[in-house]
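Have the model open while you read.

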Amino acid sequence: MRYLVVILCMFWADLAVATEGVIGQCHAEVPCTLGDRSYHVLEPDGWDGKTSLPVVLHFHGWMRQGTIVVKHPRVAGATRRRGVLLLAPNGEGKTWDFWTSQTDDVAFATAVIEDAALRYPIDRERLFVSGYSFGSAMAWRYVCENGNGVAALLAISGTLRQSETCHQAPQEIRHVHGTADTVMDFPFGPNGESTWPVKLWRDRLGCAEPGEERGDWSVTEILSFQRIAWEDCTEGRVLLDVHNRGHFIPRGWIGRQLDELLALPSSYP
């Protein structure tokens, strides 16, 4: 945590200088600079320039950058249509350092949110942290270290070790993973237990066992999910969506989570 404090102080000391006179100059594929790093931002369609915006902070996958995220139909396509501001940080070396708690990437991502708050009227009560693959593991790391102000984690095909100790946690966990994933393997538990991918959060939030099987559901005809929910928790709740395919961002999954979290009618895309 001492590294987090030091890096945050360095970033925040530069924020006023970094953003003075340049608010609005970065957009979509044109990055916003933040010290020696950068991120991408995309407003929702039809935004009036005044209304406060829910935020999705999305971490890209390995060897990608935020330019991919702000063009991705399954990420940006979901946020644009639902009145959500999309923030896409750029990882150093096109990757993320999520392996231990001693990572500067948590501080960087926090600084991204603060910088965006100088540019846009963000709704801090509706901050969602997301990611895919290595980016999903980074999203886990972020909320593990700095998640108390996060409304929900939307994680896709990537986790931390379930033995990790998380000092903070978001209000809600939503994780999706494919049992045939061989890139970031589905973390089966003892005796092939398929609820193991979210054991860390079930324990951290004090959820009663077993979870409730909600049955199969789908957004499109080509892929269905089996949802298991832990609602009876000391704090928050945990939702796990499992499918039988591999390593990808499921079509419509992010959009459906946002529909539920923002109390919007279910739609596609």
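Predicted model: local features only at pLDDT ≥ 70, side-chain atom pairs only at ≥ 80, totals over all residues.

Residues are numbered from 1 along each chain as its sequence is written, and side-chain values use heavy atoms, with hydrogens and water left out.

Let's start with the sheet. It is open, has ten strands with mixed pairing, and runs in the order β1-β2-β4-β3-β5-β6-β7-β10-β9-β8. At the edges are β1 (32-34) and β8, each of which pairs on one side only. From one strand to the next, the twist averages 20 degrees. A word on terms: strands (E, at least two residues) and helices (H or I, at least four residues) are DSSP runs, numbered from the N terminus. Two strands pair if DSSP finds at least two bridges between them.

Here are two of the pairs side by side:

| Strands | Sense | Bridges |
|---|---|---|
| β8 (residues 212-220) and β9 (residues 223-230) | antiparallel | seven bridges |
| β6 (residues 152-156) and β7 (residues 172-178) | parallel | four bridges |

β8 and β9 make a hairpin with two residues between them, and G215 has R227 in β9 as its bridge partner. In the other pair, A155 stands opposite H175 in β7.

Now for the helix. Helix α7 (residues 253-261) packs on the sheet and touches β3 (53-59), β5 (122-132), β6, β7, β8, β9 and β10 (237-243). Contact here means heavy atoms within 4.5 Å. The direction of α7 makes about 165 degrees with that of β6; axes are lines fitted to C-alpha atoms, for helices over the stretch in contact, and angles run from 0 to 180 degrees between N-to-C directions.

F128 lies in strand β5 and counts as buried because its relative accessibility is 2% (buried means under 20% relative accessible area, exposed over 50%, partly exposed in between, with a 1.4 Å probe and protein chains only). F128 and L154 are 26 residues apart in sequence and 7.0 Å apart in space, C-alpha to C-alpha.

R174 is found in strand β7 and is buried too, with a relative accessible area of 1%. The side chains of R174 and Q257 are joined by a polar contact of 2.7 Å (a pair of N or O atoms within 3.5 Å; within protein, one must be able to donate a hydrogen and the other to accept it, and residues adjacent in sequence count only if both atoms are side-chain atoms).
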